[in-house]
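Hi,

Here is the structure I promised to send over.

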Amino acid sequence: MSAARVAVIQFPGVNCEAESVRALKRVGLEAQVFRWKRPAFELREFDAYLLPGGFSYQDRVRAGALAAKDPLVERLAEEAARGKPVLGICNGAQVLVEAGLVPGGGEVELALARNRMPDRAGYYTRWVYVRIEPSRCAFTRHLEPGTLLPMPAAHGEGRFVGDAGRLAALLDDGRVPMRYATAAGSVATEFPALPNGSEAAAAAVCNAEGNVLAIMPHPERAQDLAGLCRTISGPWALERERRAAHHTPGDNDGPGLELFRGLAARLEEVA
Amino acid sequence: MRAGAKSRGTAQTAQAGGELKADVPAAVWGLLVAGTGLAAGGEVSGFRRLRLFELRGRLPARSRLEALLHASTQFYNPHKERCVVRTAAREPAPVPVGTPVVIVTERGGERCAAAERWWLHETGDDIEVREGVAWVVELKAGADAAAVEDLVTVRDRRHGLLCNPRSQQARIATSKVPLPWIGPPAGA
């Protein structure tokens, strides 16, 4: 049986396509960069889609706003409505939110607003912990709620906001599959564990069906265990140290690959 | 009021609008995307985009005010942007009268702390600096003026571009650019 095919959609200004392709290939998927000038109907040939990080259209007007109106995204919405998985990372998440694909229904219900941080403004990058929450999300449902995944956040506009109570309602409905957390596993309430002031400490939001996920931190940048930041503690750090101490060759799979494994499992189910 | 800051004088307001001397990429792409992707996109012939600042507090005379704004890229870069300063509503704005202008601001994020710190350092005066993005919406002849609202506020993929109301707010001026325009009324 041939591997499921994933289109890694690259708008001008996107710059995380190579590592995204690499992460998809590591979990056994066939991945191909799909540039913005290709006809939108060709997206139909793929089984899943990934919108990588970067600065599509230079973040002009507002991060993700211009790409969200692209004919490719209109086609993407049609394919998502057929149940195909769509993962948006960082700028890709901003596109999905601006396009109304997350939390879904077509209406734009959320924004990824400028970071809110004490005594600073603008772009911020740091390794953070995200905690898996109970959810029907296709990318995380193979993980136990409470599981911590360390990965880098790197954005200037990553604060999930909506009308009063909307994020809390989405959390109750299982549509916030990941929240920022402390190293001890409790929900982050303060900077820097909560790096942007996101409502409900949301690090990711999915649609009602669970096949479209917008995540602000970068799982593809946490795909190598050896690349785990030295500030990270917990089981992933212990495993990295154990391997380094024993010069264990081979498996270098890092925490970020878990989301890609979730995608691969979903595609295997529907094959 | 910060420690060491001066507080004499009465509050004044000044408005500074900075605009690239070259074509503004956000305006060019905004027009392209509006024309191809938005229901009301056919009504618009052009966008202009200005970064608008409002300064409130004890401000110096106009020449000194302009020199200070010129001196820091917190406000604009004189090598590539032009800047028009107004200190009274009757003064002309860099927009033709009758052309719709939209100010888009971040909810709860209008204040520019870095610009305020720079001003305090340079002058010793503790003022408020607010910022927004002003979009000049040039409509085609005979276009429906109601199209402006449909171009501004994002509702879905076919409606709205300039303001996501979940994190931003937009105010539309159809006759002339108000002063003050950003934040609460002066004196509030």
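Starting with the interface: 25 residues of chain A touch 20 residues of chain B, where a contact means C-beta atoms, placed from the backbone, within 7 Å. On the chain A side, α2 (71-81), β5 (110-113) and β8 (159-162) each give two or more residues, and β5(A) has the largest share with three. Helices here are DSSP runs of H or I with at least four residues, strands are runs of E with at least two, and both are numbered from the N terminus.

A caveat before the rest: this is a predicted model, so to speak of local features I need pLDDT of at least 70, side-chain atom pairs count only at pLDDT 80 or more, and totals for chains, interfaces and linings use all residues. Residues are numbered from 1 along each chain as its sequence is written, with chains lettered from A and ligands numbered from 1 in the order in which they are written.

Chain A as a whole has six helices and eleven strands. Of its 271 residues, 55% are buried (20 or more other C-beta atoms within 10 Å of a residue's own, C-beta atoms being placed from the backbone). Its C-alpha atoms fill a box of roughly 50 × 50 × 35 Å along the principal axes.

One helix to look at is α1(A), residues 17-26: its buried residues are Glu17(A), Glu19(A), Ser20(A), Val21(A), Ala23(A) and Leu24(A). Among the elements covering them are β1 (5-10), β2 (30-35), β3 (48-51) and α6 (257-270) of chain A. After α1(A) comes Gly28(A), with a positive phi near 90°.

Cheers

Methods:
Two residues are in contact if their C-beta atoms, placed from the backbone, lie within 7 Å. A residue is buried if 20 or more other C-beta atoms lie within 10 Å of its own, exposed if 12 or fewer, and partly exposed in between; C-beta atoms are placed from the backbone.
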